[in-house]
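I am opening a notebook page for this structure and will go from single contacts to the overall fold. The entries below follow the order in which I looked things up.

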Amino acid sequence: MSSANLLGLPETLLPAEEGVADALAGAIGYDVDEVLEATVKQFPTSSLAWATLADRAWSRVEVVPSYAYARVGYHRGLDALRRAGWKGQGPVPWSHEPNRGVLLSLFMLRRAAEAFGEEAEVTRLTEFLEGADPEAIARIEAGER
């Protein structure tokens, strides 16, 4: 798949989620689960908060909760993208930091769906991620956040 934007669609750039990154950074040195839950409660529309919660569940081999948290982040991300003018296609670049929560939620959902053997969902989410930013999967797998 080419990384060129052949349709000439404008990039979708989400606005920064004020306070979310700071709240998530508060997990260092504190009860991580408590901080993550408090962050999701304080910022329920944040894909980044939900993706972080999904990743935490995944790290504990809690596949079903990880899937559920990622699904919420995915839907919150779709809402945010639409509010930013996205029409269901076009670039959502990883390089724009506020987009990362949506892309991470897509990745986390794809990973959990793969663990379930839900191949059609994995294919659809892979295509979504590659269409949004062809480098997103590799950058997430490389540990970029």
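This is a predicted model: local features need pLDDT of at least 70, side-chain atom pairs count only at pLDDT 80 or more; totals for chains, interfaces and linings use all residues.

**Entry: Leu-103.** I looked up what Leu-103 touches, leaving out residues up to four places away in sequence, and found Val-92, Pro-93, Trp-94, Leu-129, Ala-132, Ala-136 and Ile-140.

**Entry: the cores.** I then turned to the largest nonpolar core, which has 29 residues, and in which Tyr-74, Leu-103, Leu-106, Met-108 and Leu-129 touch the most other members. I checked which helices supply at least two residues each to this core, and these are α3 (47-59), α4 (63-83), α5 (100-116), α6 (119-132) and α7 (136-141). The helix that gives the most is α5, with 9 residues.

**Entry: Arg-145.** Is Arg-145 buried, partly exposed or exposed? I placed Arg-145 in the segment after α7, and its relative accessibility is 45%, so I count it as partly exposed, the class between 20% and 50%. Apart from its neighbours within four places in sequence, Arg-145 is in contact with Asp-55, Trp-94, Arg-100, Leu-104, Met-108 and Ile-140. I also took the separation of Arg-145 from Ala-115, which is 30 residues in sequence and 22 Å in space, C-alpha to C-alpha.

**Entry: the overall fold.** I counted 7 helices and 0 strands in the protein, and along the sequence the pattern reads α-α-α-α-α-α-α. The radius of gyration is 15 Å, close to the 15 Å that the globule rule gives for 145 residues, so I record the protein as being as compact as a globular protein of that length. Along the principal axes the C-alpha trace spans about 45 × 35 × 25 Å. Among contacts between residues at least 6 apart in sequence, 68% join residues at least 24 apart.

**Entry: surface and charge.** Of the 145 residues, 41% count as buried. The protein exposes about 7,800 Å², and carbon and sulfur atoms supply 53% of that area. Finally, I compared the mean positions of the 14 positive and 22 negative charges, and these lie 4 Å apart.

Note on methods:
Residues are numbered from 1 along each chain as its sequence is written. Side-chain values use heavy atoms; hydrogens and water are left out. Helices (H or I, at least four residues) and strands (E, at least two) are DSSP runs, numbered from the N terminus. The radius of gyration is taken over C-alpha atoms; the globule rule is 2.2 Å times the number of residues to the power 0.38. Buried means under 20% relative accessible area, exposed over 50%, partly exposed in between (1.4 Å probe, protein chains only). Contact means heavy atoms within 4.5 Å. Accessible areas come from the Shrake-Rupley method with a 1.4 Å probe; for residues, only the protein chains shown count as cover. Lys and Arg count as positive and Asp and Glu as negative; His and the chain ends are not counted. The place of a charge is taken as NZ of Lys, CZ of Arg, CG of Asp or CD of Glu. A nonpolar core is a set of buried Ala, Val, Leu, Ile, Met, Phe, Trp, Tyr and Cys residues joined through side-chain atoms within 4.5 Å.
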